[in-house]
Amino acid sequence: METFIQMSVLGLSNAAVYVLLGISVSLIFGVLGVLNFAQGDFMTLGAYVGYSAVTAIGLSIAASVVLIFPALIVVGVIFYFTVLRPMRNHQHEMVLVATFGTALLMQGLIGLAWGGDPLGIERITGAWRIDNVTIPHVALINIALAAIALFGLMITLNRTSLGRSVRATAQDRIGAQLAGVDTNRAELTAVVLSVALSGLAGLMILQRELLTPQVGFELVLKAFAVAIVAGLGRINGLLPAAIVIGLMESAVATYASESLATATVFLAVVLTLLIRPQGFGGSRVRV
Amino acid sequence: MTSSLRSTMIATGGGALLLVVLGTLPMSAYVDGRITQAVIFVGLAISWNVIGGFAGQLSIGQAAFFGVGAYGAAEAVGSHGLGTLPALGVAVVLAAVAALIVVPCFRARGAYFAVLTLALAAIAMRVAERYAPGGNSGIFYEAFEIDSSMPYLLAAGGVVVAMALCVFVLRSKMGRGLAAVRMDLDAARSVGVRDMATRTQALLLSAAIAGYFGGLYALTLGFLDPGTAFSLDWSVAPLLAVVLGGMGTLLGPVIGGAIWFGLEEAITQLGFTSDTALILQGAILLGIALAAPRGIVGVATDLWRLYRDRDRGEDGADPPPAVEGRPPASAETGSGVAS
């Protein structure tokens, strides 16, 4: 039983990272129809900026977001105007290739700026002990952060006019244009929201593992997995999908083996695409 | 069409000749070994071009077939004492069988297909880590002699055969089916192209070629572990090389593969850091995707056409050709007035 609870906490903490990255992927896919291979590298950049904010400037981890968000938004806006918008009407193969190129470029630039050696900060090590179960504070912070971010995103998408324009664009670009929605602005908004959430995920990664320039690229595949199981472009199903995948992964890692855990995540993708390609997100409303 | 095919076949023959000359040049064993690796990489790029270029199915799972071929050949030599050629045969067959598992993935399209194949290749690696002979720590077996010219000959021969197969496929009904599927799957279906069968054939051919070169790669090593055989690089690098060379063209994978491999080699030799290499590769990909989506071959074709048409224009004798399939504008208006 202790193992089970322990495993669940770990799984939920992973799910917090996955849900943020999954939403990042889904937002851009929903609005622009692009599967962004560089999404994980935005997260990496966020983590590295956070690292520098803590070690070089001496900010606290929580305060480092004041640097992470602006940095990522600048990069995201550049990415949108140089890659996503010019390629809006290109073949989707070439857009995938372009995001892939962006991913390599960012990994190279990050490596150049911070070096390839693994970096890390002093982590929050505190934990609660209940009988034999250890619940690290970090796990709870991650879960809380993800919940707050999700709540904020939902408010933005459902209650603000900018957010509603994002949803309208995702549902039907031409229809939205006919109704007077500025779809360019909606796209930019989606990209900015997406990179900001990735940066937040980077903050969690900073607490979880040592940074290398490749850390995000390895995680982006899992983000794709979560987004596909939920249904690409659907935000509604993301939370349950992330929780299921996070728990599944941590269960297989605990009771079977680490390498099979990763395989299970991808197996979930394969089964989803074969059984229900539109994902398990439920309603037909996207974003 | 025929003339372009003829010129392609001449180019293939020329390429084969070049490969033979390259092989006979006296060079150090190291350089020879690198050239063999380059030719193997070109072979893998050709294999990806069949599914990614001709069929237009953006697969990121070629590592699975490459790895299965590699393990197949390694095991055939190491545990069953087979000769080189039978071992390569085993590699081809196993890779093709593995491809049959991927066939249901054709239900997914575009980005979904890409992620699906990526996921399958990742699963293949994890499964190999756990269940392949030797597990995570890998297997040892007998490789080629260090100064043998056998691996080079097999690689060069493989590339020539693969190119010939590609030419043959493009000329056949299957090639036209693939072109239709690539351009518009639904339209192809509606005019009766057997899209599933066509795509399956392309996948099988692609996997078989990848398996051959995977097996050959393994036989040049003498040691194999899942990380080497199923590395994500085998999925991604051929894709990038073909994009660079020109997707769906016959010569694209050869040119792109040679340049990509040469680039990586030059970066290592010149002592650049891996970061510089990543930046360079990323910039190349972005440049190609943004400015020249048809790759080097596409750009070269455009330039050649421009050159040819400019000559014609200067003559003054030939007016620029009318839009194909439409009568000249004057005839149209003339008849309109008459009636």
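**Two chains, read against their definitions**

User: What share of the 339 residues of chain B count as buried, and what makes a residue buried?

Analyst: In chain B, 45% of the 339 residues count as buried, a residue being buried if 20 or more other C-beta atoms, placed from the backbone, lie within 10 Å of its own, exposed if 12 or fewer, and partly exposed in between. For chain A, 52% of the 287 residues count as buried. This is a predicted model, in which local features need pLDDT of at least 70 and side-chain atom pairs count only at pLDDT 80 or more, while totals for chains, interfaces and linings use all residues. Residues are numbered from 1 along each chain as its sequence is written, and chains are lettered from A and ligands numbered from 1 in the order in which they are written.

User: Why is chain A called as compact as a globular protein of its length?

Analyst: Chain A comes to 11 helices and 2 strands, where helices (H or I, at least four residues) and strands (E, at least two) are DSSP runs, numbered from the N terminus. Its radius of gyration is 19 Å, close to the 19 Å that the globule rule gives for 287 residues, so chain A is as compact as a globular protein of that length. That radius is taken over C-alpha atoms, and the rule is 2.2 Å times the number of residues to the power 0.38.

User: What makes α5(A) roughly perpendicular to α6(A)?

Analyst: Helix α5 (residues 137-159) of chain A packs against helix α6 (residues 161-171) of chain A at an angle of about 80°, with their axes 5 Å apart. That makes the pair roughly perpendicular, because the term covers 65 to 115 degrees, with angles under 35 counted as roughly parallel, over 145 as roughly antiparallel and the rest as oblique. The contact involves T156(A), L157(A), N158(A) and R159(A) of α5(A) with G163(A), V166(A) and R167(A) of α6(A).

User: How do you know that β1(A) and β2(A) pair?

Analyst: Two strands pair if DSSP finds at least two bridges between them, and strands β1 (residues 127-130) and β2 (residues 133-136) of chain A have 4 bridges in the antiparallel sense. R129(A) stands opposite T134(A) in β2(A). The two strands form a hairpin with 2 residues between them, and D131(A) in the turn has a positive phi of about 50°.

User: What makes residues of chain A count as in contact with chain B?

Analyst: Two residues are in contact if their C-beta atoms, placed from the backbone, lie within 7 Å, and 38 residues of chain A are in contact with 33 residues of chain B. The largest share of the chain A side, 16 residues, comes from α4(A).

Technical notes:
Axes are lines fitted to C-alpha atoms, for helices over the stretch in contact, and angles run from 0 to 180 degrees between N-to-C directions.
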